Amino acid sequence: MTDGSRTSHDDGPSLDDHRATPTLGRVPPWLASTLNYCSRCGGELAFGPVEGEERERLACSSCGFIAYVNPRLVVTTIPVTPHGEVVLLRRGIEPGYGMWAQPGGFLEVDETVNEGAVRETLEETGLLVEPGEIIGLYSRPEAAIVVVAFEALVVGGAHRLNPEAIEIRAFRPEAIPWEGVAFMTSKWALRDWIHRHHPEVHPPGERG
Ligand SMILES: [Zn+2]
(Lines give C-alpha, C1' and ligand atoms only; values in the text may rest on other atoms or scores of the structure.)
Protein backbone atom coordinates (compact mmCIF):
# COMPACT_ATOMS: atom_id res chain seq x y z
CA MET A 1 0.00 0.00 0.00
CA THR A 2 1.35 3.36 -0.88
CA ASP A 3 0.36 6.14 1.48
CA GLY A 4 -2.13 6.96 4.19
CA SER A 5 -4.96 8.47 2.24
CA ARG A 6 -4.64 6.15 -0.72
CA THR A 7 -4.01 3.07 1.32
CA SER A 8 -7.60 2.33 2.21
CA HIS A 9 -7.13 -1.21 1.08
CA ASP A 10 -10.43 -2.33 2.52
CA ASP A 11 -12.01 0.27 4.66
CA GLY A 12 -12.13 3.60 2.86
CA PRO A 13 -11.26 6.89 4.49
CA SER A 14 -12.75 7.55 7.91
CA LEU A 15 -16.21 9.04 7.95
CA ASP A 16 -15.67 11.83 10.42
CA ASP A 17 -16.90 14.22 7.80
CA HIS A 18 -20.31 15.47 8.89
CA ARG A 19 -21.12 17.54 5.83
CA ALA A 20 -24.23 16.44 4.03
CA THR A 21 -23.13 13.88 1.52
CA PRO A 22 -24.98 13.28 -1.70
CA THR A 23 -26.70 9.96 -2.13
CA LEU A 24 -25.43 8.33 -5.29
CA GLY A 25 -27.20 5.05 -5.44
CA ARG A 26 -24.87 2.55 -3.82
CA VAL A 27 -21.70 4.61 -4.14
CA PRO A 28 -20.01 4.61 -0.69
CA PRO A 29 -20.73 7.93 1.13
CA TRP A 30 -17.00 8.71 1.60
CA LEU A 31 -16.58 8.51 -2.17
CA ALA A 32 -19.82 10.34 -2.98
CA SER A 33 -18.62 13.24 -0.83
CA THR A 34 -15.74 13.80 -3.28
CA LEU A 35 -18.00 13.98 -6.31
CA ASN A 36 -19.64 17.39 -6.14
CA TYR A 37 -18.28 19.20 -9.19
CA CYS A 38 -17.64 18.47 -12.83
CA SER A 39 -13.97 17.75 -13.52
CA ARG A 40 -14.35 19.19 -17.02
CA CYS A 41 -16.15 22.53 -16.46
CA GLY A 42 -16.55 22.91 -12.69
CA GLY A 43 -20.35 22.84 -12.87
CA GLU A 44 -22.43 21.04 -10.29
CA LEU A 45 -22.94 17.34 -10.66
CA ALA A 46 -26.40 15.86 -10.21
CA PHE A 47 -27.35 12.21 -9.77
CA GLY A 48 -30.29 10.84 -11.73
CA PRO A 49 -31.51 9.39 -15.01
CA VAL A 50 -29.36 10.21 -18.04
CA GLU A 51 -30.51 9.60 -21.57
CA GLY A 52 -28.85 6.57 -23.11
CA GLU A 53 -27.69 5.18 -19.75
CA GLU A 54 -29.21 2.07 -18.26
CA ARG A 55 -28.75 3.17 -14.67
CA GLU A 56 -28.78 6.49 -12.87
CA ARG A 57 -25.57 8.44 -13.31
CA LEU A 58 -23.79 11.42 -11.91
CA ALA A 59 -23.79 14.06 -14.65
CA CYS A 60 -22.89 17.72 -15.05
CA SER A 61 -25.89 20.01 -15.26
CA SER A 62 -23.90 22.50 -17.36
CA CYS A 63 -21.94 20.51 -19.94
CA GLY A 64 -23.49 17.05 -19.71
CA PHE A 65 -20.23 15.30 -18.77
CA ILE A 66 -20.97 11.97 -17.08
CA ALA A 67 -18.82 11.24 -14.05
CA TYR A 68 -18.69 7.44 -14.03
CA VAL A 69 -17.84 6.00 -10.66
CA ASN A 70 -15.80 2.83 -10.90
CA PRO A 71 -13.68 0.86 -8.46
CA ARG A 72 -9.90 1.14 -8.50
CA LEU A 73 -7.51 -1.76 -8.74
CA VAL A 74 -5.22 -2.60 -5.84
CA VAL A 75 -2.30 -4.76 -7.00
CA THR A 76 -0.76 -7.04 -4.39
CA THR A 77 1.65 -9.94 -4.24
CA ILE A 78 2.11 -12.95 -2.04
CA PRO A 79 5.92 -13.08 -2.26
CA VAL A 80 7.24 -16.62 -1.91
CA THR A 81 10.90 -17.25 -1.10
CA PRO A 82 12.96 -20.01 -2.73
CA HIS A 83 12.38 -21.93 0.54
CA GLY A 84 8.61 -21.76 0.10
CA GLU A 85 8.02 -19.17 2.80
CA VAL A 86 5.52 -16.32 2.44
CA VAL A 87 6.79 -12.78 3.01
CA LEU A 88 4.45 -10.46 4.90
CA LEU A 89 5.00 -6.99 6.28
CA ARG A 90 3.79 -5.43 9.49
CA ARG A 91 2.08 -2.21 8.54
CA GLY A 92 3.58 1.09 9.64
CA ILE A 93 0.55 3.12 8.59
CA GLU A 94 -3.19 3.08 9.00
CA PRO A 95 -5.42 1.38 8.27
CA GLY A 96 -4.24 -1.76 9.96
CA TYR A 97 -1.22 -0.23 11.75
CA GLY A 98 0.88 -2.94 13.38
CA MET A 99 -0.90 -5.78 11.62
CA TRP A 100 0.35 -8.10 8.90
CA ALA A 101 -0.45 -7.76 5.20
CA GLN A 102 1.00 -8.58 1.85
CA PRO A 103 2.68 -5.79 -0.14
CA GLY A 104 0.50 -3.93 -2.59
CA GLY A 105 -1.05 -0.66 -3.61
CA PHE A 106 -3.04 1.20 -6.19
CA LEU A 107 -2.17 0.55 -9.80
CA GLU A 108 -0.90 3.68 -11.52
CA VAL A 109 -2.44 4.72 -14.83
CA ASP A 110 0.84 4.34 -16.75
CA GLU A 111 1.78 0.82 -15.74
CA THR A 112 0.66 -2.74 -16.31
CA VAL A 113 -0.57 -4.90 -13.45
CA ASN A 114 2.70 -6.82 -13.48
CA GLU A 115 4.71 -3.61 -13.30
CA GLY A 116 2.53 -2.38 -10.45
CA ALA A 117 2.97 -5.63 -8.56
CA VAL A 118 6.76 -5.52 -8.92
CA ARG A 119 6.95 -1.82 -8.00
CA GLU A 120 4.76 -2.02 -4.92
CA THR A 121 6.54 -5.11 -3.63
CA LEU A 122 9.95 -3.48 -4.09
CA GLU A 123 8.82 -0.24 -2.42
CA GLU A 124 7.31 -1.96 0.60
CA THR A 125 9.71 -4.85 1.19
CA GLY A 126 12.92 -4.21 -0.75
CA LEU A 127 12.40 -7.51 -2.54
CA LEU A 128 12.47 -8.03 -6.28
CA VAL A 129 9.76 -10.44 -7.39
CA GLU A 130 8.57 -12.12 -10.54
CA PRO A 131 4.78 -12.26 -10.48
CA GLY A 132 3.32 -15.60 -11.52
CA GLU A 133 -0.22 -16.87 -11.39
CA ILE A 134 -3.12 -14.87 -10.06
CA ILE A 135 -4.20 -16.28 -6.72
CA GLY A 136 -7.47 -14.39 -6.66
CA LEU A 137 -9.44 -11.27 -7.44
CA TYR A 138 -11.46 -9.81 -4.58
CA SER A 139 -14.17 -7.14 -4.65
CA ARG A 140 -14.79 -4.72 -1.79
CA PRO A 141 -17.60 -2.47 -3.06
CA GLU A 142 -17.79 -0.58 0.24
CA ALA A 143 -14.21 0.56 -0.34
CA ALA A 144 -14.66 0.95 -4.11
CA ILE A 145 -11.71 -1.33 -4.80
CA VAL A 146 -10.87 -4.59 -6.47
CA VAL A 147 -7.80 -6.36 -5.12
CA VAL A 148 -5.76 -8.68 -7.29
CA ALA A 149 -3.25 -10.97 -5.60
CA PHE A 150 -0.39 -12.51 -7.55
CA GLU A 151 1.79 -15.28 -6.33
CA ALA A 152 5.29 -13.86 -6.83
CA LEU A 153 8.65 -15.57 -6.62
CA VAL A 154 11.32 -13.64 -4.72
CA VAL A 155 14.27 -13.38 -7.10
CA GLY A 156 16.40 -10.68 -5.52
CA GLY A 157 16.72 -7.77 -3.13
CA ALA A 158 16.74 -7.87 0.66
CA HIS A 159 14.26 -6.99 3.38
CA ARG A 160 14.27 -3.23 3.76
CA LEU A 161 12.17 -1.52 6.41
CA ASN A 162 10.38 1.66 5.42
CA PRO A 163 7.57 3.88 6.73
CA GLU A 164 5.00 1.43 5.41
CA ALA A 165 6.65 -1.67 6.85
CA ILE A 166 7.93 -1.73 10.44
CA GLU A 167 8.75 -5.41 10.22
CA ILE A 168 9.18 -7.79 7.30
CA ARG A 169 9.19 -11.52 7.87
CA ALA A 170 9.01 -14.76 5.93
CA PHE A 171 6.57 -17.30 7.34
CA ARG A 172 6.32 -21.01 6.74
CA PRO A 173 2.82 -21.77 5.40
CA GLU A 174 1.77 -23.36 8.70
CA ALA A 175 3.06 -20.36 10.67
CA ILE A 176 1.10 -17.56 8.99
CA PRO A 177 -0.07 -15.24 11.80
CA TRP A 178 -3.75 -15.36 10.86
CA GLU A 179 -4.99 -13.53 13.94
CA GLY A 180 -2.77 -10.58 13.17
CA VAL A 181 -3.63 -10.20 9.48
CA ALA A 182 -4.97 -6.72 8.73
CA PHE A 183 -7.50 -7.09 5.94
CA MET A 184 -10.17 -9.49 4.82
CA THR A 185 -8.69 -9.36 1.33
CA SER A 186 -5.30 -10.40 2.76
CA LYS A 187 -6.88 -13.32 4.61
CA TRP A 188 -8.74 -14.38 1.48
CA ALA A 189 -5.62 -14.23 -0.67
CA LEU A 190 -3.50 -16.14 1.86
CA ARG A 191 -6.26 -18.72 2.33
CA ASP A 192 -6.58 -19.24 -1.43
CA TRP A 193 -2.80 -19.55 -1.80
CA ILE A 194 -2.75 -22.13 1.01
CA HIS A 195 -5.61 -24.08 -0.56
CA ARG A 196 -3.81 -24.22 -3.86
CA HIS A 197 -0.29 -25.03 -2.72
CA HIS A 198 -0.53 -26.38 0.83
CA PRO A 199 -3.83 -28.24 1.24
CA GLU A 200 -2.30 -29.94 4.28
CA VAL A 201 -2.40 -26.62 6.13
CA HIS A 202 -5.74 -25.50 7.54
CA PRO A 203 -6.32 -21.81 8.20
CA PRO A 204 -8.27 -21.13 11.41
CA GLY A 205 -11.99 -21.69 11.15
CA GLU A 206 -11.54 -24.61 8.78
CA ARG A 207 -11.79 -28.23 9.72
CA GLY A 208 -8.53 -30.15 9.85
ZN1 LIG B 1 -19.36 20.07 -16.77
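Modeller: Helices (H or I, at least four residues) and strands (E, at least two) are taken here as DSSP runs, numbered from the N terminus, and the expected span of a helix is 1.5 Å times one less than its number of residues. Residues are numbered from 1 along each chain as its sequence is written. This is a predicted model, in which local features need pLDDT of at least 70 and side-chain atom pairs count only at pLDDT 80 or more, while totals for chains, interfaces and linings use all residues. With pLDDT being the predictor's confidence in each residue, from 0 to 100, the chain has a mean of 90, and 88% of its residues reach 70 or more.

A residue is called buried if 20 or more other C-beta atoms lie within 10 Å of its own, exposed if 12 or fewer, and partly exposed in between, with C-beta atoms placed from the backbone. By that criterion Thr 185, Ser 186, Ala 189, Leu 190, Arg 191, Trp 193 and Ile 194 of α3 are buried. An α-helix has 3.6 residues a turn, so residues three or four places apart point the same way.

Contact requires C-beta atoms, placed from the backbone, within 7 Å of each other, and the buried residues of α3 pack against β3 (72-80), β5 (100-101), β7 (127-140) and β8 (145-157). Leu 190, leaving out residues up to four places away in sequence, touches Ile 78, Ile 176 and Val 181.

These partners lead to the question of the core, where a nonpolar core means a set of buried Ala, Val, Leu, Ile, Met, Phe, Trp, Tyr and Cys residues joined through C-beta atoms within 7 Å. The largest one has 35 residues, and Ala 189 and Leu 190 are among those touching the most other members, along with Ile 78, Ala 101 and Ala 149. At least two residues of this core come from each of β3, β4 (86-91), β5, α2 (113-125), β7, β8, β9 (165-171) and α3, and β8 gives the largest share, seven residues. A second, separate core has five residues, including Leu 24, Leu 45, Leu 58 and Ala 59.

One region calls for caution: over residues 1-20 pLDDT stays under 50, and the model has 36 contacts beyond four places in sequence for them.

Definitions and conventions
Contact = placed C-beta atoms within 7 Å.
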